[in-house]
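Here are my notes on this entry, as numbered points. Please read them with the structure open.

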Amino acid sequence: MKISDLLPYWFHIAEGVVCNDVDMQSLFLLTGPNGGGKSSLLRSICAAALLGICGLMVPAESALIPYFDSITLHMKSYDSPVDKKSSFQVCYWLMLFSYVHL
Ligand SMILES: Nc1ncnc2c1ncn2[C@@H]1O[C@H](COP(=O)(O)OP(=O)(O)OP(=O)(O)O)[C@@H](O)[C@H]1O
Ligand SMILES: [Mg+2]
């Protein structure tokens, strides 16, 4: 996957958004400071992959999107005292739900 100037889809270009270049050949590790934009970039990459494999326009200058069998994005989960579930239980349930519905 190779994308130039990927725009997080929920931003408007006039909002002073930072566009990112992505060159993803295989497994990669994304690091950065808190609030540095890691989660936003992951959301943007997944959205771009989904749009791309659907044959739709990607919010980027250019995008080379290979075909993916599945796209999974797991973000941090919180505990749910109302449901009597710890953060691990919520996380486990969400992952199980995601994989069962692939
Ligand atoms: N590409 C971007 N351009 C402009 N602002 C951005 C961009 N990406 C993220 N931001 C702003 O920075 C904020 C923090 O981004 P994000 O939550 O993605 O950071 P993070 O690295 O995942 O933080 P944490 O380490 O705390 O999880 C966002 O809410 C958004 O307002
Ligand atoms: Mg984050």
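1. Ligand shell. Around ligand 1 sit Pro8, Val17, Val18, Gly32, Asn34, Gly35, Gly36, Gly37, Lys38, Ser39 and Ser40. A residue is near the ligand if its C-beta atom, placed from the backbone, lies within 6 Å of it. By class, this shell holds three nonpolar, seven polar and one charged residues. Ala, Val, Leu, Ile, Met, Phe, Trp, Tyr, Cys and Pro count as nonpolar; Asp, Glu, Lys and Arg count as charged; the others, Gly among them, count as polar.

2. Ground rules. This is a predicted model, in which local features need pLDDT of at least 70, side-chain atom pairs count only at pLDDT 80 or more, and totals for chains, interfaces and linings use all residues. Residues are numbered from 1 along each chain as its sequence is written, while chains are lettered from A and ligands numbered from 1 in the order in which they are written.

3. Overall layout. The protein has two helices and three strands. Along the sequence they follow the pattern β-β-α-β-α. Helices (H or I, at least four residues) and strands (E, at least two) are DSSP runs, numbered from the N terminus. The C-alpha atoms fill a box of roughly 45 × 30 × 25 Å along the principal axes.

4. Domains. The domain assignment gives domain 1 (2-71) and domain 2 (73-102). Such bounds come from an automatic or database domain assignment. The two centres, taken over C-alpha atoms, are 24 Å apart.

5. Record annotation. In an unreviewed entry, UniProt lists residues 29-90 for "domain: DNA mismatch repair proteins mutS family". UniProt positions are given in the numbering used here, feature names are shortened, and annotations may be inferred rather than shown by experiment. Over residues 29-90 the chain is 32% helix and 5% strand. The end C-alpha atoms of that stretch are 24 Å apart.

6. Burial and core. Of the 102 residues, 9% are buried. Buried means 20 or more other C-beta atoms within 10 Å of the residue's own, exposed means 12 or fewer, and partly exposed lies in between; C-beta atoms are placed from the backbone. Which residues make up the largest nonpolar core? The seven are Ile3, Leu6, Ile45, Ala48, Ala49, Val58 and Ala60. Helix 1 gives the most, with three. A nonpolar core here is a set of buried Ala, Val, Leu, Ile, Met, Phe, Trp, Tyr and Cys residues joined through C-beta atoms within 7 Å. In soluble globular proteins, nonpolar side chains tend to be buried together.

7. Contacts. Two residues are in contact if their C-beta atoms, placed from the backbone, lie within 7 Å. Alanine 48 is in contact with Ile3, Leu6, Val58, Ala60, Ala63 and Ile65, leaving aside neighbours within four places in sequence. Among contacts between residues at least 6 apart in sequence, 38% join residues at least 24 apart.

8. Leucine 41. This residue is found in helix 1. Is leucine 41 buried or partly exposed? Leucine 41 is partly exposed, because 17 other C-beta atoms lie within 10 Å. Leucine 41 touches Asn20 and Leu30, not counting residues up to four places away in sequence. Serine 62 lies 21 residues from leucine 41 in sequence and 16 Å away, C-alpha to C-alpha.

9. Aspartate 21. Its place is in strand 2 (residues 20-23). Aspartate 21 counts as exposed because it has 12 C-beta neighbours inside 10 Å. Beyond residues up to four places away in sequence, aspartate 21 touches Ile3, Ser4 and Asp5. Glutamate 61 is 40 residues away in sequence and 9.5 Å away in space, C-alpha to C-alpha.

10. Positive phi. Most residues other than glycine have a negative phi. Aspartate 5, in strand 1, has phi near 50 degrees. Aspartate 5 has 15 C-beta neighbours inside 10 Å, so it counts as partly exposed. Lysine 84 has phi near 60 degrees. Lysine 84 lies in the loop between strand 3 (62-64) and helix 2 (87-100). With 8 other C-beta atoms within 10 Å, lysine 84 is exposed.

11. Lysine 76. This residue is in the loop between strand 3 and helix 2. Lysine 76 counts as exposed, with 7 C-beta neighbours inside 10 Å. Cysteine 91 is 15 residues away along the chain, and the two C-alpha atoms are separated by 7.6 Å.
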